[in-house]
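Subject: Two-chain model for your files

Hello,

Here is the structure I said I would pass on. My notes on the core and on the contact between the chains follow it.

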Amino acid sequence: MVAIGDGVISQLRRGVLEFCVLALLRDDERYGFEIVRALSQADGLVTSEGTLYPLLGRLRKEGVVETTWRESPTGPPRRYYRLTPAGRSLLTAFTAEWVRFRGSVDTLLETGALT
Amino acid sequence: MTTTTSLHPVAADYLGRLDRAARRLPRGERRELVEEISAHLIEATEPAMSDAEVLTVLDRLGDPEEIVDAQRPQERPRTDSRGLHEWAAIFLLLFGGFIFLVGWFAGLVLLLSSRAWDTRDKLIGTFIVPGGLAAALVATVVSASTETCSSLNGGVQHCTGGASTLRNIVGIALFAFCLLGPICTAVYLARRAR
């Protein structure tokens with residue numbers, strides 16, 4: 001038996017993760033912990049929750065999300081993330097691309113040919 | 001949920017380890033990362049939790065080193081990128097003009113194809129000064145020749161006399177620019193490619 005290289009899966013994961021974050025923010029703003037817990041509940045998407053925070057910081061630096069502080073009913077203020085217009089159009093573009101990509105790979109994996 | 005912001009000792013210890021691991025990050029990034037993880041711990045743990053419960057939260061969070069590594073990718077190209085390719089580009093942009101000018105163009109190709117510099121760096125490298133130090137030599141020759149006699153209308157010699165002071169100043173300024181420009185650019189490019 002040949003095992004799938006761990007590198008392949010982690011590269012795939014790394015490639016799509018930022019778009020998963022953007023997708024989570026499509027309809028509503030969310031605070032960091034909320035985003036991290038939502039993603040880590042998805043099967044096979046996140047190996048360690050902590051590494052998502054650097055990703056959130058990078059998305060903010062790239063201008064695809066923006067943040068605001070809001071009071072929390074239970075503790076210190078929370079930093080909320082929401083999509084910027086640039087983030088929204090990036091998500092739309094990725095969604096279209098992903099559907100094509102997934103379709104081709106699925107077809108190949110299932111039938112062994114592109115019909 | 002409790003409203004207190006004091007952390008479980010095991011979580012506080014973890015946060016300390018993260019802060020130490022994050023020492024290699026730029027100050028702003030380090031502060032923000034520790035702030036975010038601290039907020040995470042406040043949400044996910046409570047001081048009254050058992051050690052085992054807190055350790056479970058920390059396991060999910062991951063190793064502090066791993067988290068700091070995830071912050072690094074944007075730093076990595078800056079530290080690794082000053083390789084042979086970049087030093088060759090800088091050297092050839094500076095001195096390549098003396099190798100029949102071809103050397104400078106080779107330097108230009110290396111500059112433009114490197115990922116260590118952004119567009120602004122590349123523009124500066126290209127235009128200050130085309131030809132590199134060889135341009136200073138050309139500038140000297142040109143300004144020297146304009147100071148002497150120039151041939152006008154087929155054989156009539158026109159010699160510059162009174163205007164030569166101005167010419168001299170312009171010539172010296174041009175020479176200084178062609179000499180200092182490439183040197184400053186080389187230093188700039190070497191620093192920016194980090």
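Leaving aside residues up to four places away in sequence, A:Val21 touches A:Ile35, A:Leu39, A:Leu55, A:Leu56 and A:Leu59. This is in a predicted model. A:Val21 belongs to the largest nonpolar core, which has 41 residues, and is listed with A:Leu22, B:Ile37 and B:Leu41 as having the most contacts inside it.

Now the contact between the chains. Chain A brings 24 residues to it and chain B 23 residues. About 1900 Å² is buried between chain A and chain B, with 51% of that from carbon and sulfur atoms. On the chain A side, A:Tyr53, A:Pro54 and A:Thr74 lose the most area to chain B, together 26% of what that side buries.

There are six salt bridges between the two chains. One of them joins A:Arg60 to B:Glu32, with the closest N and O atoms 2.6 Å apart. Polar contacts between chain A and chain B come to twelve residue pairs, both residues at pLDDT 80 or more. In chain A, α2 (32-41), α3 (52-61) and β3 (78-83) each supply at least two residues of the side that touches chain B. The largest share, six residues, is from α3(A). By type, that side of chain A has nine nonpolar, eight polar and seven charged residues.

Regards

How values were computed:
Residues numbered from 1 in each chain as written. Chains lettered and ligands numbered in written order. Predicted model: local features only at pLDDT ≥ 70, side-chain atom pairs only at ≥ 80, totals over all residues. Heavy atoms only, no water. Contact = heavy atoms within 4.5 Å. Buried area = accessible area lost by both parts, 1.4 Å probe. Salt bridge = Lys/Arg side-chain N within 4 Å of Asp/Glu carboxyl O. Polar contact = N/O pair within 3.5 Å; in protein donor to acceptor, adjacent residues only side chain to side chain. Helix = DSSP H or I, 4+ residues; strand = E, 2+ residues; numbered from the N terminus. Nonpolar A, V, L, I, M, F, W, Y, C, P; charged D, E, K, R; others polar. Core = buried A, V, L, I, M, F, W, Y, C linked by side-chain atoms within 4.5 Å. Buried < 20%, exposed > 50% of the residue type's maximum accessible area, 1.4 Å probe, protein only.
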